[in-house]
Amino acid sequence: MILTPSRTGALKRRDAINFFNRNPSTPPAWTKWIWRSIQVQRHSFLTWKFFLNKAPTLSRLLRKGLVQDQTCSLCTVGEETSDHLTLQCPYSRYIFHSLLKDMLIKGPVPKRLSDLPTWLDTKVTHPVKKTIATSMLTTFFWFIWMERNNRIFRGKSLHKRELMGRIKAKITIRLQFSVLKAAISPELIKVAENYGTSISDIPAISKPVQWIPSDSNWLKVNSDGSLSEDRGGYGAIMRDEKGNFIIGAAGQSNPKSINLLEFQGILLGLELGLQIGASRI
Ligand SMILES: [Zn+2]
């Protein structure tokens, strides 16, 4: 590959992008998530080449007459295409499934790279989690490619569990230094724990609050709603003017919107009041 230098003589990443992407007017869906600042640039670059089917896989080199064998070095059975190496090879799939499990992403996984961005968009809606998930993906692709190179060029190989451990360690470091500091939810804390990052690594966001008693002969209801990606919950508690517990309850609902869950909490509190015949709430 020969890249012509820019006017200043320096080679920029943009030059390489333009070289590969001959038709940049319609950027594909995946471009928006592989170039995020959290990600290691060489991981993003490799991912980008995979998506364009420009990675020098054995299948691609065979078509150019540069090699004679396209057998995948990871499973020694399949043909080494971009789709096979990343999503179809049993070796890679074992690692990928484990990473997704830790990321709390469930269900069948696409077998073609072209289906991956839409799949990810439907599986992960929380913006911070999406950043973590895409970082995980690009890191995964990079390590798979390095393992493939080590096998072909150095005759060295790692067991799939060993490589998985190294990928997880890399993701953990990136988690610790990046996005979890920006937004915290119970689900993201669980993801962090799955990757061996304790909650104490994350700076706490605290807001002091105080319960203010109601006027005498009134009962006070406090309610709350809470939302995660696949679950919604709400609750209400009723206390008298001295703070004594009178009645309380909690429920689960479809995770449609946080406002709806907050209102369900208030409604529950009022229904509890009706049940015990309270007239002033
Ligand atoms: Zn394979």
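In the hairpin that joins strand 2 to strand 3, with 5 residues between the strands, glycine 243 has a positive phi near 90 degrees. The model is a predicted one, so to speak of local features a pLDDT of at least 70 is needed, side-chain atom pairs count only at pLDDT 80 or more, and totals for chains, interfaces and linings use all residues. Residue numbers start from 1 along each chain, following the sequence as written. Helices (H or I, at least four residues) and strands (E, at least two) are DSSP runs, numbered from the N terminus.

Two strands count as paired if DSSP finds at least two bridges between them.

Strand 1 (residues 220–227) and strand 2 (residues 232–239) are paired over 8 bridges in the antiparallel sense. Going through some of the partners, valine 221 is bridged to methionine 238, serine 223 to alanine 236, and serine 226 to glycine 233. Strand 2 also pairs with strand 3 over 8 bridges, again antiparallel, and there methionine 238 stands opposite isoleucine 247.

In a regular strand, side chains alternate between the two faces of the sheet. In strand 1, Val221, Ser223, Gly225 and Leu227 make up the covered face, while Lys220, Asn222, Asp224 and Ser226 are on the uncovered one. For strand 2, the covered face has Gly232, Tyr234, Ala236 and Met238, and the uncovered face has Gly233, Gly235, Ile237 and Arg239.

Now for a pair of helices elsewhere in the chain. The axes of helix 3 (residues 41–51) and helix 8 come within 8 Å and cross at roughly 80 degrees. The two helices are therefore roughly perpendicular, a label for angles of 65 to 115 degrees (under 35 is roughly parallel, over 145 roughly antiparallel, and the rest oblique). Arg42, His43, Ser44, Leu46, Thr47 and Phe50 of helix 3 meet Thr138, Thr139, Phe141, Trp142 and Trp145 of helix 8, a contact being two C-beta atoms, placed from the backbone, within 7 Å. By class, this contact has 5 nonpolar, 5 polar and 1 charged residues; Ala, Val, Leu, Ile, Met, Phe, Trp, Tyr, Cys and Pro count as nonpolar, Asp, Glu, Lys and Arg as charged, and the others, Gly among them, as polar.

Tryptophan 142 belongs to helix 8 (residues 127–154). This tryptophan is buried, with 20 other C-beta atoms within 10 Å; buried takes 20 or more such atoms, exposed 12 or fewer, and partly exposed is in between, with C-beta atoms placed from the backbone. Leaving out residues up to four places away in sequence, tryptophan 142 touches Arg42, His43 and Leu46.

In helix 3, the buried residues are His43, Ser44, Thr47, Trp48, Phe50 and Phe51. They cover an arc of only 155 degrees around the axis, which puts them on the same side of helix 3; the arc is taken from the directions from the helix axis to the C-beta atoms. Exposed Gln41 and Arg42 are on the face turned away from that buried side. After helix 3 comes asparagine 53, with a positive phi near 60 degrees.

Definitions and conventions: Axes fitted to C-alpha atoms, helices over the stretch in contact; angles between N-to-C directions.
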